[in-house]
Amino acid sequence: MAPPLGPPPPGPRSKRIRGGWALEAIAIVLALYPVYGWIRDLVGVSRADAFRNARQIIEWQEGLRIYHERTIQEYFLPYPWFIGFWNLFYGSIHFAAPVVTLVALYHFDPGRYVRWRNTFLLILVVALVGFWFYPLMPPRLLPSSFGFVDTRLVFFTIGKPVPHSEETGAIYAAMPSLHVAWSTLAVFALWPLVRPIWARALLVSYPVLMTFAIVVTANHYFLDAVGAWVVLAVAYALARWRDWWPWRTKEQAPPRSAMMEQ
(Lines give C-alpha, C1' and ligand atoms only; values in the text may rest on other atoms or scores of the structure.)
Protein backbone atom coordinates (compact mmCIF):
# COMPACT_ATOMS: atom_id res chain seq x y z
CA MET A 1 0.00 0.00 0.00
CA ALA A 2 1.38 3.38 -0.98
CA PRO A 3 2.24 5.78 1.86
CA PRO A 4 -0.18 8.69 2.39
CA LEU A 5 0.56 11.83 0.44
CA GLY A 6 1.94 14.75 2.44
CA PRO A 7 1.98 15.24 6.20
CA PRO A 8 -1.05 14.23 8.29
CA PRO A 9 -3.58 17.00 8.88
CA PRO A 10 -3.04 18.89 12.13
CA GLY A 11 -5.33 18.18 15.08
CA PRO A 12 -7.57 20.77 16.66
CA ARG A 13 -4.93 21.68 19.25
CA SER A 14 -2.06 22.09 16.79
CA LYS A 15 -3.02 25.58 15.67
CA ARG A 16 -0.18 28.11 15.87
CA ILE A 17 -0.25 31.86 15.86
CA ARG A 18 1.41 33.59 12.91
CA GLY A 19 3.53 36.63 13.66
CA GLY A 20 4.14 38.47 16.89
CA TRP A 21 5.17 37.25 20.31
CA ALA A 22 3.46 37.02 23.65
CA LEU A 23 3.48 40.83 23.59
CA GLU A 24 0.28 40.49 21.59
CA ALA A 25 -1.46 39.12 24.67
CA ILE A 26 -0.20 42.01 26.79
CA ALA A 27 -1.14 44.61 24.17
CA ILE A 28 -4.69 43.29 23.94
CA VAL A 29 -5.28 44.10 27.60
CA LEU A 30 -3.11 47.17 28.15
CA ALA A 31 -3.75 48.90 24.81
CA LEU A 32 -7.26 47.78 23.95
CA TYR A 33 -8.87 48.26 27.38
CA PRO A 34 -8.33 52.08 27.42
CA VAL A 35 -10.00 52.24 24.01
CA TYR A 36 -12.84 50.13 25.35
CA GLY A 37 -13.11 52.45 28.36
CA TRP A 38 -13.33 55.45 26.05
CA ILE A 39 -16.14 53.84 24.05
CA ARG A 40 -17.89 52.81 27.27
CA ASP A 41 -17.78 56.38 28.55
CA LEU A 42 -19.59 57.54 25.42
CA VAL A 43 -22.64 55.55 26.43
CA GLY A 44 -24.98 58.20 27.76
CA VAL A 45 -27.25 57.13 30.63
CA SER A 46 -29.29 59.03 33.18
CA ARG A 47 -28.89 58.87 36.92
CA ALA A 48 -32.63 58.28 37.27
CA ASP A 49 -32.51 55.18 35.07
CA ALA A 50 -29.47 53.84 36.90
CA PHE A 51 -31.11 54.39 40.29
CA ARG A 52 -34.37 52.77 39.15
CA ASN A 53 -32.48 49.70 37.96
CA ALA A 54 -30.56 49.55 41.25
CA ARG A 55 -33.83 49.44 43.17
CA GLN A 56 -35.02 46.71 40.83
CA ILE A 57 -31.87 44.65 41.43
CA ILE A 58 -32.32 45.03 45.19
CA GLU A 59 -35.95 43.92 44.94
CA TRP A 60 -34.97 40.87 42.90
CA GLN A 61 -32.26 39.94 45.38
CA GLU A 62 -34.64 40.37 48.30
CA GLY A 63 -37.04 38.01 46.54
CA LEU A 64 -34.20 35.52 46.09
CA ARG A 65 -33.03 36.11 49.68
CA ILE A 66 -29.52 37.07 48.55
CA TYR A 67 -29.54 40.77 49.37
CA HIS A 68 -26.71 40.61 51.92
CA GLU A 69 -24.21 43.10 50.48
CA ARG A 70 -24.81 45.72 53.17
CA THR A 71 -24.61 43.15 55.99
CA ILE A 72 -21.31 41.81 54.68
CA GLN A 73 -19.78 45.25 54.34
CA GLU A 74 -20.97 46.41 57.77
CA TYR A 75 -19.34 43.38 59.40
CA PHE A 76 -15.88 44.23 58.03
CA LEU A 77 -15.95 48.04 58.17
CA PRO A 78 -14.39 48.13 61.69
CA TYR A 79 -11.18 46.62 60.21
CA PRO A 80 -9.52 49.34 58.06
CA TRP A 81 -6.55 47.18 57.07
CA PHE A 82 -8.92 44.47 55.80
CA ILE A 83 -10.98 46.86 53.69
CA GLY A 84 -7.82 48.50 52.40
CA PHE A 85 -6.53 45.13 51.22
CA TRP A 86 -9.69 44.46 49.23
CA ASN A 87 -9.55 47.94 47.73
CA LEU A 88 -6.10 47.05 46.42
CA PHE A 89 -7.23 43.60 45.32
CA TYR A 90 -10.18 45.05 43.40
CA GLY A 91 -8.15 47.77 41.71
CA SER A 92 -5.00 45.87 40.73
CA ILE A 93 -5.29 42.15 40.12
CA HIS A 94 -8.28 42.73 37.84
CA PHE A 95 -5.90 44.00 35.13
CA ALA A 96 -2.99 41.65 35.84
CA ALA A 97 -4.96 38.41 35.64
CA PRO A 98 -6.01 38.66 31.96
CA VAL A 99 -2.43 39.46 30.95
CA VAL A 100 -1.07 36.46 32.87
CA THR A 101 -3.81 34.22 31.48
CA LEU A 102 -3.31 35.16 27.84
CA VAL A 103 0.48 35.07 28.02
CA ALA A 104 0.40 31.63 29.65
CA LEU A 105 -1.92 30.30 26.96
CA TYR A 106 0.13 31.89 24.18
CA HIS A 107 3.27 30.18 25.44
CA PHE A 108 2.01 26.80 26.64
CA ASP A 109 -1.16 26.16 24.62
CA PRO A 110 -1.40 28.43 21.53
CA GLY A 111 -4.24 26.39 20.05
CA ARG A 112 -6.53 27.30 22.94
CA TYR A 113 -5.12 30.80 23.18
CA VAL A 114 -6.97 31.87 20.02
CA ARG A 115 -10.36 30.88 21.37
CA TRP A 116 -9.88 32.45 24.80
CA ARG A 117 -8.42 35.63 23.33
CA ASN A 118 -11.51 35.94 21.18
CA THR A 119 -13.67 35.23 24.22
CA PHE A 120 -11.95 38.02 26.12
CA LEU A 121 -12.59 40.49 23.31
CA LEU A 122 -16.20 39.40 22.91
CA ILE A 123 -16.79 39.88 26.65
CA LEU A 124 -16.02 43.56 26.14
CA VAL A 125 -18.47 43.81 23.26
CA VAL A 126 -21.30 41.97 25.02
CA ALA A 127 -20.69 43.94 28.23
CA LEU A 128 -21.03 47.21 26.33
CA VAL A 129 -24.50 46.11 25.27
CA GLY A 130 -25.37 45.42 28.90
CA PHE A 131 -24.06 48.80 30.06
CA TRP A 132 -26.07 50.52 27.34
CA PHE A 133 -29.42 48.81 27.84
CA TYR A 134 -29.24 48.34 31.61
CA PRO A 135 -27.33 51.17 33.35
CA LEU A 136 -26.96 50.31 37.00
CA MET A 137 -25.98 52.44 39.96
CA PRO A 138 -23.47 50.51 42.11
CA PRO A 139 -24.10 50.25 45.86
CA ARG A 140 -21.39 52.79 46.72
CA LEU A 141 -23.26 55.50 44.78
CA LEU A 142 -26.65 54.86 46.34
CA PRO A 143 -28.08 57.45 48.77
CA SER A 144 -26.78 57.14 52.33
CA SER A 145 -30.16 55.79 53.44
CA PHE A 146 -29.21 52.46 51.84
CA GLY A 147 -26.34 52.13 54.30
CA PHE A 148 -23.42 51.51 51.94
CA VAL A 149 -19.97 53.07 52.32
CA ASP A 150 -17.74 53.96 49.38
CA THR A 151 -14.59 52.33 50.72
CA ARG A 152 -12.38 54.24 48.27
CA LEU A 153 -13.20 57.49 50.04
CA VAL A 154 -12.65 56.20 53.57
CA PHE A 155 -9.98 53.50 53.46
CA PHE A 156 -6.61 52.99 51.79
CA THR A 157 -6.80 52.47 48.03
CA ILE A 158 -4.84 52.89 44.80
CA GLY A 159 -4.44 56.46 43.67
CA LYS A 160 -6.31 59.50 44.90
CA PRO A 161 -10.03 58.87 45.47
CA VAL A 162 -12.42 61.17 43.65
CA PRO A 163 -15.60 62.43 45.38
CA HIS A 164 -18.85 61.30 43.80
CA SER A 165 -19.66 64.79 42.56
CA GLU A 166 -16.40 64.85 40.55
CA GLU A 167 -16.56 61.36 39.08
CA THR A 168 -16.72 61.12 35.30
CA GLY A 169 -17.07 58.35 32.78
CA ALA A 170 -19.32 55.32 32.93
CA ILE A 171 -19.97 55.29 36.65
CA TYR A 172 -23.20 53.33 36.12
CA ALA A 173 -21.55 50.43 34.25
CA ALA A 174 -22.09 47.83 36.95
CA MET A 175 -24.05 45.12 35.12
CA PRO A 176 -22.24 42.89 34.32
CA SER A 177 -19.14 42.87 36.53
CA LEU A 178 -16.06 42.59 34.32
CA HIS A 179 -14.02 41.78 37.42
CA VAL A 180 -15.96 38.56 37.89
CA ALA A 181 -16.14 37.78 34.17
CA TRP A 182 -12.38 38.03 33.72
CA SER A 183 -11.56 36.10 36.88
CA THR A 184 -13.88 33.27 35.85
CA LEU A 185 -12.38 33.27 32.36
CA ALA A 186 -8.96 32.76 33.95
CA VAL A 187 -10.19 29.62 35.71
CA PHE A 188 -11.58 27.94 32.60
CA ALA A 189 -8.68 29.03 30.39
CA LEU A 190 -5.89 27.94 32.75
CA TRP A 191 -7.49 24.82 34.24
CA PRO A 192 -5.91 22.32 31.78
CA LEU A 193 -2.47 23.87 32.38
CA VAL A 194 -2.63 23.63 36.18
CA ARG A 195 -1.91 20.18 37.58
CA PRO A 196 -1.26 20.30 41.37
CA ILE A 197 -4.39 20.10 43.48
CA TRP A 198 -3.32 23.04 45.62
CA ALA A 199 -2.79 25.17 42.51
CA ARG A 200 -6.21 24.27 41.14
CA ALA A 201 -7.80 25.11 44.48
CA LEU A 202 -6.03 28.48 44.42
CA LEU A 203 -7.19 29.07 40.85
CA VAL A 204 -10.82 28.28 41.66
CA SER A 205 -10.69 30.57 44.69
CA TYR A 206 -9.85 33.55 42.47
CA PRO A 207 -13.39 34.34 41.18
CA VAL A 208 -14.77 33.57 44.65
CA LEU A 209 -12.43 36.12 46.22
CA MET A 210 -13.18 38.60 43.46
CA THR A 211 -16.91 38.26 44.09
CA PHE A 212 -16.26 38.98 47.76
CA ALA A 213 -14.12 42.00 46.79
CA ILE A 214 -16.79 43.58 44.59
CA VAL A 215 -19.34 43.20 47.40
CA VAL A 216 -17.30 44.31 50.41
CA THR A 217 -16.11 47.42 48.54
CA ALA A 218 -19.71 48.21 47.46
CA ASN A 219 -18.84 48.24 43.77
CA HIS A 220 -21.34 45.58 42.69
CA TYR A 221 -24.32 43.47 43.67
CA PHE A 222 -24.37 39.68 43.68
CA LEU A 223 -26.52 39.68 40.55
CA ASP A 224 -23.75 41.60 38.76
CA ALA A 225 -21.64 38.47 39.20
CA VAL A 226 -24.44 36.34 37.75
CA GLY A 227 -24.62 38.73 34.82
CA ALA A 228 -20.86 38.34 34.36
CA TRP A 229 -21.18 34.56 34.06
CA VAL A 230 -23.97 34.95 31.50
CA VAL A 231 -21.81 37.33 29.45
CA LEU A 232 -18.86 34.93 29.66
CA ALA A 233 -21.04 32.05 28.43
CA VAL A 234 -22.36 34.11 25.51
CA ALA A 235 -18.87 35.33 24.56
CA TYR A 236 -17.43 31.82 24.69
CA ALA A 237 -20.28 30.47 22.56
CA LEU A 238 -19.62 33.15 19.95
CA ALA A 239 -15.88 32.42 20.04
CA ARG A 240 -16.56 28.72 19.41
CA TRP A 241 -18.99 29.49 16.63
CA ARG A 242 -16.27 30.90 14.40
CA ASP A 243 -12.60 31.81 14.67
CA TRP A 244 -13.18 35.22 13.16
CA TRP A 245 -9.77 36.69 14.09
CA PRO A 246 -7.93 37.58 10.85
CA TRP A 247 -4.61 36.14 12.09
CA ARG A 248 -5.96 32.65 12.57
CA THR A 249 -3.94 29.89 10.93
CA LYS A 250 -5.56 28.30 7.91
CA GLU A 251 -5.08 24.65 7.13
CA GLN A 252 -3.34 24.27 3.78
CA ALA A 253 -3.08 21.31 1.47
CA PRO A 254 0.42 19.92 0.84
CA PRO A 255 2.27 21.65 -2.01
CA ARG A 256 1.58 20.29 -5.49
CA SER A 257 5.31 19.69 -6.05
CA ALA A 258 5.44 17.42 -3.01
CA MET A 259 2.56 15.38 -4.39
CA MET A 260 4.34 14.95 -7.73
CA GLU A 261 7.44 13.56 -6.00
CA GLN A 262 5.50 10.73 -4.32
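This is a predicted model: local features need pLDDT of at least 70, side-chain atom pairs count only at pLDDT 80 or more; totals for chains, interfaces and linings use all residues.
Figure 1. R65 lies in the loop between α3 and α4. Its phi is positive, about 60°, although R65 is not a glycine. Most residues other than glycine have a negative phi.

**Figure 2. A218, a buried loop residue with a positive phi.** A218 sits in the loop between α9 and α10. Its phi is near 65°, a positive value in a residue other than glycine. Is A218 buried or exposed? A218 has 0% relative accessibility, so it counts as buried.

**Figure 3. The cis peptide bond between M175 and P176.** Omega of this bond is about 5°. P176 belongs to the loop between α7 and α8. Most peptide bonds are trans.

**Figure 4. Helix α4 and its buried side.** Helix α4 covers residues 69-76, and its buried residues are E69, Q73 and F76. These residues cover an arc of only 70° around the axis, so they lie on the same side of α4. What do the buried residues of α4 pack against? Their partners are α3 (47-64), α5 (80-108), α7 (151-154), α9 (197-216) and α10 (222-241). The exposed residues T71 and Y75 are on the face of α4 turned away from its buried side.

**Figure 5. The packing of α6 and α10.** Two packed helices are described by the angle between their axes and the distance between the axes. For α6 and α10 the angle is about 130°, and the axes are 8 Å apart. At this angle α6 is oblique to α10. The crossing of α6 past α10 is right-handed. On the α6 side, the residues that meet α10 are R115, W116, N118, T119, L122, I123, V126 and A127. On the α10 side they are V231, L232, V234, A235, Y236, L238, A239 and R240.

**Figure 6. T119, a buried residue in helix α6.** T119 has 0% relative accessibility and therefore counts as buried. Which residues does T119 contact, leaving aside its neighbours within four places in sequence? They are L185, L232, A235, Y236 and A239. T119 and V234 are 115 residues apart along the chain, and their C-alpha atoms are separated by 8.9 Å.

**Figure 7. The largest nonpolar core.** This core has 43 residues, and those with the most contacts inside it are I123, L178, W182, L185 and M210. At least two residues of the core come from each of α5, α6 (110-133), α8 (178-190), α9 and α10. Which helix supplies the largest share? Helix α6 does, with twelve residues. Leaving aside its neighbours within four places in sequence, I123 is in contact with L178, A181, W182, L185, V231, L232 and A235. A second, separate core has 19 residues, including A54, I58, Y134 and F148.

**Figure 8. The whole protein, for orientation.** The protein has eleven helices and zero strands. Of its 262 residues, 45% count as buried. Among the contacts with a separation of 6 or more, 86% are between residues 24 or more positions apart.

Notes. Residues are numbered from 1 along each chain as its sequence is written. Side-chain values use heavy atoms; hydrogens and water are left out. Buried means under 20% relative accessible area, exposed over 50%, partly exposed in between (1.4 Å probe, protein chains only). Helices (H or I, at least four residues) and strands (E, at least two) are DSSP runs, numbered from the N terminus. The arc is that of the directions from the helix axis to the C-beta atoms. Contact means heavy atoms within 4.5 Å. A nonpolar core is a set of buried Ala, Val, Leu, Ile, Met, Phe, Trp, Tyr and Cys residues joined through side-chain atoms within 4.5 Å. Axes are lines fitted to C-alpha atoms, for helices over the stretch in contact, and angles run from 0 to 180 degrees between N-to-C directions. Angles under 35 degrees count as roughly parallel, over 145 as roughly antiparallel, 65 to 115 as roughly perpendicular and the rest as oblique. A crossing is left-handed if the near helix is turned anticlockwise from the far one by less than a right angle, and right-handed if clockwise.
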